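Please go through this model with me, one site at a time. The discussion starts with a single side chain and then turns to the ligand.

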Amino acid sequence: MHRLALPLFAAIVALVPLVPGVSVFWITLLDNIGLASLVVMGLVLLTGVGGMTSFGQAAFCGFAAYTTAVMTAKFGWSPWLSLPVALLVTGLAAVVLGLVTVRLSGHFLPLGTIAWGIALYYAFGKLEILGRHDGISGIPPLSLFGISLVDPRAAYYVIWGAVLGAAILTMNLLDSRTGRAIRALRGGRVAAEAFGIEPARMKLAVFVYAALLAGLSGWLYAHVQRAVNPTPFGVHPGIEYLFMAVAGGAGQVWGAIVGAGLVTFLKDALQRIVPALFGTSAQYETIVFGLLLVVILQVAKDGLWPRIAGLFPSPPPAPVDIAAEPLPGRARATAEPLLEVADIRKTFGGLVAVNDVSLRVKRGEIVALIGPNGAGKSTTFNLITGVLPANGGSISVSGERIDGARPQAIAARGVARTFQHVKLLPEMSVLDNVAIGAHLRGEAGFISGLLRLDRAEERRMLGEAARQIARVGLAEHMHKPAGSLALGQQRIVEIARALCLAPDLLLLDEPAAGLRHFEKAALADLLRQLRAEGVAVLLVEHDMGFVMSLTDHVVVLDFGTRIAEGPPAEIKRNPAVLAAYLGAEA
Ligand code: ADP
Ligand code: MG
């Protein structure tokens with residue numbers, strides 16, 4: 001996003017009502033677009049960025065709208081005083097519903113939001129204090145410095161001021177440590193947890209934030225409409241909000257405004273045009289509206305905003321301060337061996353994937369874990385990093401037991417890994433992907449991200465990421481989407497991400513797969529350097545030349561069982577190892 005885009009947009013928003021010919025009708029339409037934009041911006045974060053589809057956002061508008069309606073129309077509070085109360089009620093409702101909802105996965109999550117969306121709609125319509133289906137009327141308008149904002153033009157400035165404020169906060173958030181963690185949720189929990197991210201907490205935070213934006217919209221709506229009833233807070237409007245998010249481009253803040261504008265405008269235009277064409281009683285407009293949305297989704301699969309943005313030259317990437325002061329280090333583990341795995345066992349049903357395997361890795365040592373496909377190497381990595389619980393045995397890092405610990409706690413002990421099947425966010429830049437590795441070394445939270453109080457730390461995090469990217473030789477690719485790199489290079493990006501953790505123990509699962517000869521040589525150099533720095537490396541690799549020239553010690557697995565261990569020269573001649581490999585070949 002160009003840095004002039006925001007001031008330009010603000011200027012246009014400010015000038016629109018002053019343009020001759022912009023009637024009250026248009027201003028009212030723009031007011032509605034602004035109100036919807038607020039809700040949809042929350043959905044951008046929730047659905048587009050965080051991957052949680054919600055059909056129930058309209059209900060959160062309802063919580064705030066009804067709260068302020070009761071407080072102001074029944075108890076005579078001033079609208080401004082009822083704003084914090086309305087947001088508090090909405091936020092509390094979001095915490096309760098979020099705790100239930102974000103635990104759901106797959107299609108259960110959207111279904112869950114539909115379920116409580118329907119339930120709340122009927123609750124709004126049944127409660128005596130909320131006026132049942134008639135709702136509450138006689139809500140006072142907003143007023144500012146004693147001037148009542150009944151004129152849609154006055155409300156326009158309040159609404160669009162809120163939209164701009166929300167857009168700024170949301171963009172700040174996306175561009176922060178928390179924002180990267182939220183984006184990481186889409187890549188699945190395993191990769192996120194491996195770098196210390198707490199998916200459940202992140203999801204709940206996003207859920208509450210999206211609900212508060214919807215709440216702000218509901219509060220504004222109540223005082224602009226001066227009356228509320230259950231209709232705008234049901235699942236049907238919830239579906240429309242989701243449509244706006246998708247049509248605009250669900251991952252982008254500006255997409256929210258584009259989507260809200262397009263859908264609101266279309267609906268209004270059709271309500272006027274279609275009855276004129278087909279007669280007033282037929283109500284074909286809903287059908288035409290539905291068909292048009294299908295067409296929009298077909299024409300612009302990623303939404304309209306990326307298309308609009310594509311018309312303008314993309315701004316140069318923000319410069320990264322590669323010389324930024326390093327992030328604080330961790331207390332180093334010193335006791336040897338750094339990693340001690342004793343008799344660990346993992347069964348999947350009747351299959352013994354890891355059969356009482358023991359191994360140890362010291363500081364400044366590269367140990368290879370080799371064996372034919374299906375030998376249990378990746379499963380061993382998953383046991384060490386807490387992705388899978390072991391069925392027996394023990395795992396210690398520097399003498400302290402880590403088996404049974406959560407992946408985040410193990411990462412905090414200085415254990416970093418790469419994945420056999422690359423787990424990067426393909427649309428996110430290499431830089432941002434790698435910076436996720438530094439998550440545990442920063443501490444800026446949600447609020448400091450929103451308010452941009454995190455800039456000093458953020459500069460250091462990105463600086464660290466840039467240094468590690470340069471170290472693995474990918475500096476020229478830093479600003480490209482990770483998915484645009486060759487698969488072999490993506491494995492190297494994962495190594496840079498792991499290095500951002502400042503690991504004591506580095507677990508690499510087939511890092512040389514897909515690399516060309518000179519790239520393998522560079523990787524071997526890097527691993528030697530890390531060894532010299534005292535990092536302990538456990539390496540799964542199939543390229544025997546690579547393994548034998550580099551490692552200090554080799555552990556061989558076959559069908560989950562350790563069949564040999566020793567220095568590379570011995571392993572090369574070991575008859576059991578040769579048989580396992582020849583057997584696998586045959
Ligand atoms: P390697 O990495 O050595 O090729 P893995 O550790 O991936 O082998 O797999 C070891 C064995 O465990 C294989 O037979 C594999 O099919 C099985 N396995 C791995 N993960 C699972 C799982 N989550 N569920 C069931 N079986 C699994
Ligand atoms: Mg494997």
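In this predicted model, Thr170 is in contact with Met41, Leu45, Tyr209, Leu213 and Val253, leaving aside residues up to four places away in sequence. Thr170 belongs to helix H6, which spans residues 152–174. Its relative accessible area is 0%, and Thr170 counts as buried because the cut-off for that class is under 20%. One of the residues it touches, Tyr209, also makes a polar contact with Thr170, side chain to side chain, at 2.8 Å.

The residues surrounding ligand 1 are Phe348, Leu351, Ala353, Asn373, Gly374, Ala375, Gly376, Lys377, Ser378, Thr379 and Gln420. Sorted by class, this shell has four nonpolar residues, six polar ones and one charged residue.

Several backbone atoms approach the oxygen atoms of the ligand. A polar backbone atom of Gly374 is 2.7 Å from an oxygen atom of ligand 1. For Gly376, a backbone N or O atom lies 2.9 Å from an oxygen atom of ligand 1. For Ser378, the distance from a backbone N or O atom to an oxygen atom of ligand 1 is 2.9 Å. Ligand 1 taken alone exposes 560 Å², and the protein buries 60% of that area.

Which elements give two or more residues to the shell around ligand 1? They are strand S6 (351–361) and helix H14 (377–384). H14 provides the largest share of the shell, with three residues.

Notes. Residues are numbered from 1 along each chain as its sequence is written. Chains are lettered from A and ligands numbered from 1 in the order in which they are written. This is a predicted model: local features need pLDDT of at least 70, side-chain atom pairs count only at pLDDT 80 or more; totals for chains, interfaces and linings use all residues. Side-chain values use heavy atoms; hydrogens and water are left out. A residue is near a molecule or strand if one of its heavy atoms lies within 4 Å of it. A polar contact is a pair of N or O atoms within 3.5 Å; within protein, one must be able to donate a hydrogen and the other to accept it, and residues adjacent in sequence count only if both atoms are side-chain atoms. Accessible areas come from the Shrake-Rupley method with a 1.4 Å probe; for residues, only the protein chains shown count as cover. Helices (H or I, at least four residues) and strands (E, at least two) are DSSP runs, numbered from the N terminus. Ala, Val, Leu, Ile, Met, Phe, Trp, Tyr, Cys and Pro count as nonpolar, Asp, Glu, Lys and Arg as charged, and the others, Gly among them, as polar. Buried means under 20% relative accessible area, exposed over 50%, partly exposed in between (1.4 Å probe, protein chains only). Contact means heavy atoms within 4.5 Å.
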